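The discussion starts from a single residue and then widens to the whole chain.

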Amino acid sequence: VLAAWRWREISRPGSVSPEHRQRLVSQSLNQPESGPLLIALRWAAERDDSDLLPQIESCLSKPNPSPEVFRAIVATASYLRSGTAKSGVRDPAREELVLSVARDQQQPANIRAMAARMIPAVAKQPNAEQLESWIRSTDYEPLHQEIVALLQQRKQPEDVDLLMRIASDS
């Protein structure tokens, strides 16, 4: 149904009021299924609807999102924050968002792991000390694996030292 409303607005601009569109998108952001959620995210980004940003960012805490859904939430929130969608280059808004999610110990560990995967190796944050605290904060192996992968890509002396400590603790 949401796809039909979106298509109607695309094919006949002005045929869907902003209030009606926002209500449809808002309802779909609360759906557990990924299909309506992905369409809602796309439509919110297409319409540059930053009023929905808090609700979109709250979707980062949905239990067990697929990696595709998680990336779409991050991309939409980053776009609505900064007004740009930088593909293939570093995007400070996206980096800030995934860093905040990855370090938030109130977030489920699986979501923190997906966020950690999105941190570029060239990012200055988090540093090795922060990554070590993330490892100590949970026993969730996939998060540990993402942190180790990030450390391996960085190859800085403090990162290598942490990798050695992790290996000796295993």
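Is T138 buried or exposed? The model is a predicted one, and in it T138 has a relative accessible area of 16%. Because the limit for a buried residue is under 20%, T138 is buried.

**The surroundings of T138**

T138 is placed in the loop that lies between α8 (128-136) and α9 (141-154). Its side chain reaches the backbone nitrogen of Y140 at a distance of 3.1 Å. When neighbours within four places in sequence are left aside, the contacts of T138 are A109, R112, L143 and H144.

**The chain as a whole**

The secondary structure consists of 10 helices and zero strands. The C-alpha trace spans about 65 × 30 × 20 Å along its principal axes. Among contacts with a separation of 6 or more, 58% join residues 24 or more positions apart. The chain carries 21 positive and 22 negative side chains, and the centres of these two sets are 6 Å apart. Some further values for the chain are set out below.

| Property of the chain | Value |
|---|---|
| Share of the 170 residues that is buried | 41% |
| Accessible surface | about 9,700 Å² |
| Share of the accessible surface belonging to carbon and sulfur atoms | 50% |

**The nonpolar core**

The largest nonpolar core contains 43 residues, and the members that touch the most other members are L29, I56, F70, I73 and I119. Helix α5 (residues 67-82) supplies the largest share of this core, with seven residues. What does I56 touch, not counting residues up to four places away in sequence? The residues touched by I56 are L29, L41, A44, I73, T76, A77 and L80. Two of these, L29 and I73, are also named with I56 among the members touching the most others.

L2 belongs to helix α1 (residues 2-11). With a relative accessibility of 9%, L2 counts as buried. Which residues are in contact with L2, apart from its neighbours within four places in sequence? They are L24, V25, S28, P36, I39, A40 and W43. L2 and L37 lie 35 residues apart in sequence, and their C-alpha atoms are 9.5 Å apart in space.

How values were computed. Residues are numbered from 1 along each chain as its sequence is written. This is a predicted model: local features need pLDDT of at least 70, side-chain atom pairs count only at pLDDT 80 or more; totals for chains, interfaces and linings use all residues. Side-chain values use heavy atoms; hydrogens and water are left out. A nonpolar core is a set of buried Ala, Val, Leu, Ile, Met, Phe, Trp, Tyr and Cys residues joined through side-chain atoms within 4.5 Å. Buried means under 20% relative accessible area, exposed over 50%, partly exposed in between (1.4 Å probe, protein chains only). Helices (H or I, at least four residues) and strands (E, at least two) are DSSP runs, numbered from the N terminus. Contact means heavy atoms within 4.5 Å. A polar contact is a pair of N or O atoms within 3.5 Å; within protein, one must be able to donate a hydrogen and the other to accept it, and residues adjacent in sequence count only if both atoms are side-chain atoms. Accessible areas come from the Shrake-Rupley method with a 1.4 Å probe; for residues, only the protein chains shown count as cover. Lys and Arg count as positive and Asp and Glu as negative; His and the chain ends are not counted. The place of a charge is taken as NZ of Lys, CZ of Arg, CG of Asp or CD of Glu.
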